[in-house]
Amino acid sequence: MSQNRPDTSAGNDVVVLLRNVHKSFANLEVLKGISFEVKRGEVTVLIGPSGSGKSTALRCVDRLETISQGQIDVCGHNLTAPDLDLRKLRLDVGIVFQSYNLFPHLTVAENIMLSPRTVKKLPKQQAVELAKHCLAQVGLSEKFDSYPEQLSGGQQQRAAIARSLAMQPKVMLFDEVTSALDPQLTGEVLRVIERLADDGMTMVMVTHEMNFARRIADQVVFMHQGKVWETGPGSMLDSPATPELQAFLAHEL
Ligand code: ADP
Ligand code: MG
């Protein structure tokens, strides 16, 4: 855990809870009863081989996928309740993917202000201030008026993170956000994420960056064949209990 992370032990509320979650696509059972919890201000890192169900698990947390069985609670929303308010859920959850999906015809600032303006009806001047603040958070203050194509891949991904931050989510989900980037650009994006963690953002992140995971994770969840195979602190990566995690780590490093 980072040294300068605010102490959140006083209010150890669970922000994300998955209990015995099953998810199938047609006849293929992809999640076979997974359970884990994410506490406020903590970083959970999901690791595991390709196809083990990491992305599906994240997508279930934002209700981009519905589950076949089990329970998911996110920021007080019961995701299987018939009266779930999807709009309110999505206000609480920010999600960033490998592909940035910035609108090419809008400037960086316009991309960031779009949802606060349209969804939250934020007045123009406040939206401008918010965009400036969020761009500063990701170290891109000077790119306010730039268009996405004028940015490097790492800068575009940081702009996408700023866009998500502008909605002031209570929890952020990151799915392999550096996988398309070369090592130098990967580093600058990871530093932004680490700073967010230090500032106390609750997050769940899928990554193949094992050194980063070891450093930043309060909790590591190793998924294998649709199950949570092993859970523990970042140091778990130095002493895997199962042969499957051992094999995975040997393959990753
Ligand atoms: P990971 O992110 O760990 O690589 P995924 O969650 O993307 O794994 O995928 C887990 C399994 O679910 C894979 O076998 C994948 O092919 C399958 N899968 C994912 N999404 C769909 C979908 N929309 N329809 C059918 N199968 C899917
Ligand atoms: Mg994936």
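This is a predicted model: local features need pLDDT of at least 70, side-chain atom pairs count only at pLDDT 80 or more; totals for chains, interfaces and linings use all residues.
A polar contact is a pair of N or O atoms within 3.5 Å; within protein, one must be able to donate a hydrogen and the other to accept it, and residues adjacent in sequence count only if both atoms are side-chain atoms. Residues are numbered from 1 along each chain as its sequence is written, chains are lettered from A and ligands numbered from 1 in the order written, and side-chain values use heavy atoms, with hydrogens and water left out.

**Ligand 1**

- The residues around ligand 1 include Phe25, Leu28, Val30 and Pro49, where near means a heavy atom within 4 Å.
- Ser50, Gly51, Ser52, Gly53, Lys54, Ser55 and Thr56 are also among them.
- A polar side-chain atom of Lys54 lies 2.8 Å from a ligand 1 oxygen.
- For Thr56, a side-chain N or O atom is 2.5 Å from an oxygen of ligand 1.

**Helix α3 with α4**

- Helices (H or I, at least four residues) are DSSP runs, numbered from the N terminus.
- The axes of α3 (residues 108-118) and α4 (residues 124-137) come within 9 Å and cross at roughly 125°.
- Axes are lines fitted to C-alpha atoms, for helices over the stretch in contact, and angles run from 0 to 180 degrees between N-to-C directions.
- α3 and α4 are therefore oblique to each other; angles under 35 degrees count as roughly parallel, over 145 as roughly antiparallel, 65 to 115 as roughly perpendicular and the rest as oblique.
- Contact (heavy atoms within 4.5 Å) involves Val108, Ala109, Ile112, Met113, Pro116 and Arg117 of α3, and Lys124, Ala127, Val128, Leu130, Ala131 and Leu135 of α4.

- α3 and α5 (residues 153-165) have axes that come within 8 Å and cross at roughly 30°.
- That makes α3 roughly parallel to α5.
- Val108, Asn111 and Ile112 of α3 make the contact with Ala159, Ala162 and Arg163 of α5.
- The axes of α5 and α6 (residues 183-198) come within 8 Å, crossing at roughly 20°.
- α5 is therefore roughly parallel to α6.
- In α5, residues including Gly153, Arg158, Ile161 and Leu165 meet α6 residues, among them Leu185, Glu188, Val192 and Leu196.

Definitions and conventions:
Helices (H or I, at least four residues) and strands (E, at least two) are DSSP runs, numbered from the N terminus.
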